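Please examine the sequence and the three-dimensional structure shown below. The paragraphs that follow lead through their main features.

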Amino acid sequence: MAAPGPAPRRVEKAEPSDRGAHEKVIDVRGLNKSFGALHAVKDFGIVVERGRICGFLGPNGAGKTTTLRMLFGLLRPDSGEGTVLGFDVLKDSREIKRRVGYMTQRFSLYEDLSIEQNLTFTARVHELDRRRERVQAALDGLGLTARRAQLAGTLSGGWKQRLALAAATLHGPELLLLDEPTAGVDPEARRTFWDEIHGLAARGMTVLVSTHYMDEAERCHEIAYIAGGRTLARGTADEVIDASGLVTFHAEGPGADRLARELRGTPGVEMAAPFGTVLHVSGRDRAALEAAIAPYRKSPLVWSETRPTLEDVFIQLIHDREAAKAKAEAA
Amino acid sequence: MISLTRTWAVMAKEFVQLTRDRLTYAMILAMPIVQLLLFGYAINDDPRNLPTAVLVQDQGGFSRSVLTALDNSGYFEVTRVARSTAELDRALERGEAQFAVIIPADFTRRVVRGEGAQILVEADASDPSATSGAVAALLQLPQQALARELAGPLATRASGPPPFEVVVHRRYNPEAITAYNIVPGLLGVILSMTLVMMTSLGMARERERGTMESLLATPVLPIEVMVGKLTPYVLVGLVQAVLILVLARVLFAAPMSGGWLALGAGLMLFIVGSLALGFLISTLAKTQLQAMQMSVFYMLPSILLSGFMFPFRGMPDWAQWLGLAIPVTHVLRVVRGSVLKGVGLENAGPSLLALLLFVLVVGTLAMLRYRTTLD
Ligand SMILES: Nc1ncnc2c1ncn2[C@@H]1O[C@H](COP(=O)(O)OP(=O)(O)OP(=O)(O)O)[C@@H](O)[C@H]1O
Ligand SMILES: [Mg+2]
C-alpha cells in the first residue's frame, strides 16, 4: 500500500554525486528473523562500502537467502536497524526496491513470457525511460537478440541465470543483491559473469553475492561467512584466513590421499581431506599438528607447508561449530 | 502514487499469459456456448408422453373421453391406473409419474348439469421445463375433450362456458421457472465460474511458480497489481456476457425487452465484483489447489441460493439473507428485469447498489490482504 505521510528521506543528506568512496551502502545491525521456532538469522550486522563486492558464504540453510531478502525488504526483520543506500531497512523498502537489483536464487522470471517480454515487463514496472532502447541493449549484451521471442522457460539453466541478471540490472541499480547467481552456470560463463561484476563494481556498483564456489569467494573484495544464522567470519579473504590461525600442510605422492582416514581424529589434526591426489591437513596447534604428521613425513610422500585456503578455513569453522554444539548438548 | 506504466506492465503481462494458455482461451468461449446449449435445450425441450397416473372415481362416460383427450394431446401417457389417492401420491413422490389426474366421482353428472365440474391435476414441477408444455396443453382440454359428447340435447353446454375446469397443482416448484428465466441465472453462474476461478488462481500461481518473489521485488503497488491483473478478465467477462445474451436471443428467442443501461451497469459491477472476489481468494490461498477449493466453496451457494436453482421466495429467511450477500442473486435480478421485463435503472437500483457494495467491500478486503513481503 502506498504509505501515507511524508515521503521517505535518505538518512544521509548527501546526493549520489558527492558521495565518497567510503560511503556505506549497506549498514545494518542486529537483524533477526525467525520462522516459527526456527531462528534463521541471528543478530546479523554488516557494513559494505560503495564499489565493493562482498561474498556471502555458508552451508545450505545458513540463512543467506533470508538475509538478502531482509536487506531488500522482501522479508520483515523481527528486530534490527540500519540503512541500505541510506534508506531505513525497516521502513523504506519501496525506495530500496527502486534502487537495488535483486536476483533470486530460484529462477523467478515468467517462464511463459518471452525473453523480450520479460525484459519489457521489468522496464515498465521500473518506469524506465527509453524502454525499447534499454531492452534492446540488454538483449544485445546477452547475445540473445536473435532469440528474443523464445519463451524464458525454454532457456537452459545457465542462460536463465544470465537473463535474470540482465533483468536485475536493467534499471541501473546502485546495489546488487545476487543469490547464488552462478549456480549451474558453466565455468566459461561464470568467468564472463564475474568479469562483468567487477566491471560494474569499478563503475561504482556495490554487490552482495551469495555463492558456494570457493573460487568466486576469492574473487570478492571481502567475504562474510555465516552458518546457523550467525556470522562466523568477516573480512577480506586474507583476513579471514589469518584470523583462523590455521596451519596447513600438503602431502603429495602415492597413497597420500588414502592417509586422510588415518590422520583424522589424531590429536592436533583438525581437518584432513584429500583434494585429488593431494592431502590437506590442518590444525591450529602447530606443534601438535607437526607431531601428528611426523610418522608419515617420509618418502615417497612430499610434505610442504602452505597457506590455508578459504575452503580449509570454512570446513574448520563448521567443525568448530559442530563441536561447540555437541559440547553444549552434552552439558 | 499509482503509476499507469506499472499498471500497464502487469496488464500486458497478464494478457500475454492469458493468450499463451490455449486451453483457457478455448474454455472462455466454449464454456458459455456449451453450457447454454446444454441447459437451454434441456429446458426448452418440450417433452411428450409424460408418465401419468390416473384415479377415476367417476362412473360416467365423460371421464373416458377426458382420458382419451389427454392421451391425444401427446403430452400424457397413462402409465398407471390408481385405486386410491395414496397410491397416486406415492407415484408422484417416487417420480414414477410426472402427473396425477383425479376425475372426481360426480364428474359426468356435474358436466351434464353444468354444476362446475372439475378435474384435478397434480404436476411434479420440480423440473419445470418438463411440465410447462403439458400444463399449457391442459388448458385446452375442457374445450376439446367433450366436443363430440356435447351435441344434441347438450349443445347449449358446448357453446357456453367450458364444461369443466382443470385445476392444476404444481408440486415442488410453485414458481415454475421457465426457460427464459434460466438465461439470466446461467449468465451469472457462468461468469462467476470463469472469472472467480481464473483470477483466484492468479496470485497462487505466482507463488507456486516462484515468480511472486520477482513481482514483489519490483516497485509495483498492490492496487496496480490488482487492476493490472483483473483488467484482461473484465474483457473476458464482457465477451462471455455478450455471447450468452446473443445466444439466448438467437436460440431461445429471449425477449430482450430493453433496460440496457441497467443491464450494462449490472453486468459491469458483477464482473468487477467477481474479479475482486477472485483476487481476494488468491491472496488467501497458498496454492492453486486451495484457490480452486475456495472458488468451488463460493460457487455452490451461488447456484443454490441465488434463485437460479430454487425460487428465491421459496427459501427460508436465513437462506434468503445468505442469498442476498451473493452477487449472483443481484445480477440475476438485474438481468431478469431488463431482459424479460425491460426494467429501467430506477427499478434495478437496489440490486445495483448491492453489487456496488460488494465490489467496494471485497476490493478493500483484497487490498488489505495483499502482502508486499514474503512473510
Ligand atoms: N518462509 C520460510 N518459512 C519457514 N522456514 C524458512 C522460510 N525461509 C527459510 N526458512 C528456513 O530458514 C533457514 C535459512 O534458509 P535460507 O534459505 O536463508 O538458507 P540459505 O543460506 O539461503 O541456504 P541455501 O544455500 O540452501 O540456499 C532454513 O532452515 C530454511 O528452512
Ligand atoms: Mg539460499
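How many residues of domain 1 of chain A are in contact with domain 2 of chain A? Eleven residues of domain 1 touch six residues of domain 2, where contact means heavy atoms within 4.5 Å. This is a predicted model, in which local features need pLDDT of at least 70 and side-chain atom pairs count only at pLDDT 80 or more, while totals for chains, interfaces and linings use all residues. Residues are numbered from 1 along each chain as its sequence is written, chains are lettered from A and ligands numbered from 1 in the order in which they are written, and side-chain values use heavy atoms, with hydrogens and water left out.

The two domains of chain A comprise residues 21-235 and 245-330, with bounds that come from an automatic or database domain assignment. Their C-alpha centres lie 35 Å apart. The size of an interface is often given as the accessible area lost when the parts come together. Between the two domains about 790 Å² is buried, 82% of it on carbon and sulfur atoms; buried area is the accessible area (1.4 Å probe) that two parts lose on being put together, summed over both. On the side of domain 1, A:Met214, A:Tyr225 and A:Leu232 lose the most area, together 54% of what that side buries.

Chain A also holds an open sheet of four strands in the order β2-β1-β4-β5, with antiparallel pairing. Strands (E, at least two residues) and helices (H or I, at least four) are DSSP runs, numbered from the N terminus, and two strands pair if DSSP finds at least two bridges between them. Because β2 (38-49) and β5 (87-88) of chain A stand at the edges, each with a single partner strand, one side of each has no neighbour in the sheet. Within the sheet, five bridges join β1 (residues 24-35) of chain A to β4 (residues 79-84) of chain A. In this part of chain A, A:Val28 stands opposite A:Gly82 in β4.

The contact between the chains takes 30 residues from chain A and 31 residues from chain B. Together the chains bury about 2800 Å², 57% of it on carbon and sulfur atoms. Three salt bridges are counted between chain A and chain B, each being a side-chain nitrogen of Lys or Arg within 4 Å of a carboxyl oxygen of Asp or Glu. B:Glu213 and A:Arg69 meet in a salt bridge at 2.8 Å, N to O. Across the interface of the two domains of chain A, by contrast, the rule finds zero salt bridges.
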